[in-house]
Amino acid sequence: MNSMTGYGYQELVAEGIFLSVEIKSYNSRYLDLTVNLPASLSRLEGFLREQVSAAVVRGKVDVYVRLREEEPATKVLVNREAVRSYAAAMEEIARIMGVPHGGGQEQLLPLIVQQEGVLVAHREMDLEAYRGRLEPVFNAAMEQFLADRHREGQNLLVDLREKLALLEGAASFFTQWQPQMEAAFKENLQRRFQEFLGEGYDQQRVLTEVAALLVKYTINEEIVRLKSHLAALKRELAENPTPGRKIDFICQEINREINTIGSKNQFTEVGAMVITAKDALENIREQARNVE
């Protein structure tokens with residue numbers, strides 16, 4: 001089992017290059033992946049997305065790649081067409097304003113150089129070479145990130161199993177109290193018949209009515225379903241590496257059975273156990289929001 005929260009970081013300093021990869025994740029209903037790359041490495045985004053998506057099922061994952069070079073291989077190119085256009089435009093402005101233009105090249109040059117698109121910086125880089133540097137750094141950060149999620153997930157698993165044990169204990173408690181709940185229901189119903197009809201009531205008729213009403217008011221079916229849901233939850237925790245969504249669904253079913261048992265209860269002891277069970281279940285639901 002893995003948590004949806006995790007962190008990993010790795011960096012490389014070599015040959016005038018500083019390269020770092022930071023990966024962190026938070027809770028999310030689905031996989032929400034953001035990859036932040038320098039513009040020069042943007043073509044590697046697909047590769048990084050594939051790597052993360054293959055290893056992570058759920059969570060908001062942010063990947064940050066930072067690159068700094070002491071002497072980047074950059075060429076500055078002149079956009080000749082832009083220079084001619086700006087020069088012609090400035091000469092036209094000078095004529096319109098009646099400003100003498102002859103011999104003004106020294107003043108015109110810095111103005112043109114400052115204009116957008118005149119000088120174009122072009123970085124020369126071997127993308128495959130940079131990928132070769134990035135990949136081991138990314139893999140190391142990813143390994144650390146996944147290990148962090150797994151470590152936290154194991155802590156969650158211990159807590160979930162403790163709460164599941166409480167629910168299993170509650171189910172056994174309800175099973176033990178079921179005969180007493182049914183007996184109390186029969187006794188109360190017989191007493192009410194006697195109060196309304198006096199001593200001359202038909203006892204067999206009362207027993208028949210009681211048996212019919214017990215079908216509606218017994219908690220046997222709720223206990224059977226509760227134990228079935230708890231067994232399913234136990235299997236998910238033991239066998240499913242990414243049980244987060246399934247846990248939430250099973251908890252909804254468990255909650256329904258506990259609520260029904262509580263609504264049919266007539267004993268203080270059973271009411272207290274219903275509260276204990278609901279508290280344990282709520283803790284499981286809260287923790288499930290952190291599970292992948």
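Modeller: This is a predicted model. In it, S1 and strand S2 (residues 17–26) pair in the antiparallel sense, over nine bridges.

Colleague: Which residue in S2 does glutamine 10 stand opposite?

Modeller: Glutamine 10 faces valine 21 in S2.

Colleague: And what is the strand order of the sheet?

Modeller: The order is S1-S2-S4-S3, in an open sheet of four strands with mixed pairing. Strand S1 (6–14) and strand S3 (31–36) each have a single partner strand and stand at the edges, so one side of each is left without a neighbour in the sheet. From one strand to the next, the twist averages 5°.

Colleague: Which strands does helix H1 touch?

Modeller: Helix H1 (residues 45–55) packs on the sheet and touches S3 and strand S4 (59–69). The direction of H1 makes about 145° with that of S3.

Colleague: Changing topic: how many aromatic pairs does a search of the whole structure find?

Modeller: The search finds three aromatic pairs. One of them joins phenylalanine 173 and phenylalanine 174 edge-to-face, at 6.3 Å centre to centre and with 75° between the planes.

Colleague: Are those two, phenylalanine 173 and phenylalanine 174, buried or exposed?

Modeller: Both phenylalanine 173 and phenylalanine 174 are buried. Ring pairs also link Phe173 and Phe174 with Trp177 and Phe267 into a cluster.

Colleague: What about charges over rings? Where does arginine 131 lie?

Modeller: Arginine 131 lies over the face of phenylalanine 47, at 4.1 Å from the ring centre. Arginine 133 has its charged end over the ring of tyrosine 130, 5.3 Å from the centre of that ring.

Note on methods. Residues numbered from 1 in each chain as written. Predicted model: local features only at pLDDT ≥ 70, side-chain atom pairs only at ≥ 80, totals over all residues. Heavy atoms only, no water. Pairing = 2+ DSSP bridges. Helix = DSSP H or I, 4+ residues; strand = E, 2+ residues; numbered from the N terminus. Axes fitted to C-alpha atoms, helices over the stretch in contact; angles between N-to-C directions. Contact = heavy atoms within 4.5 Å. Phe/Tyr/Trp six-rings, centres within 6.5 Å; stacked < 30°, edge-to-face > 60°. Buried < 20%, exposed > 50% of the residue type's maximum accessible area, 1.4 Å probe, protein only. Lys NZ or Arg CZ within 6 Å of the ring centre and 35° of its normal.
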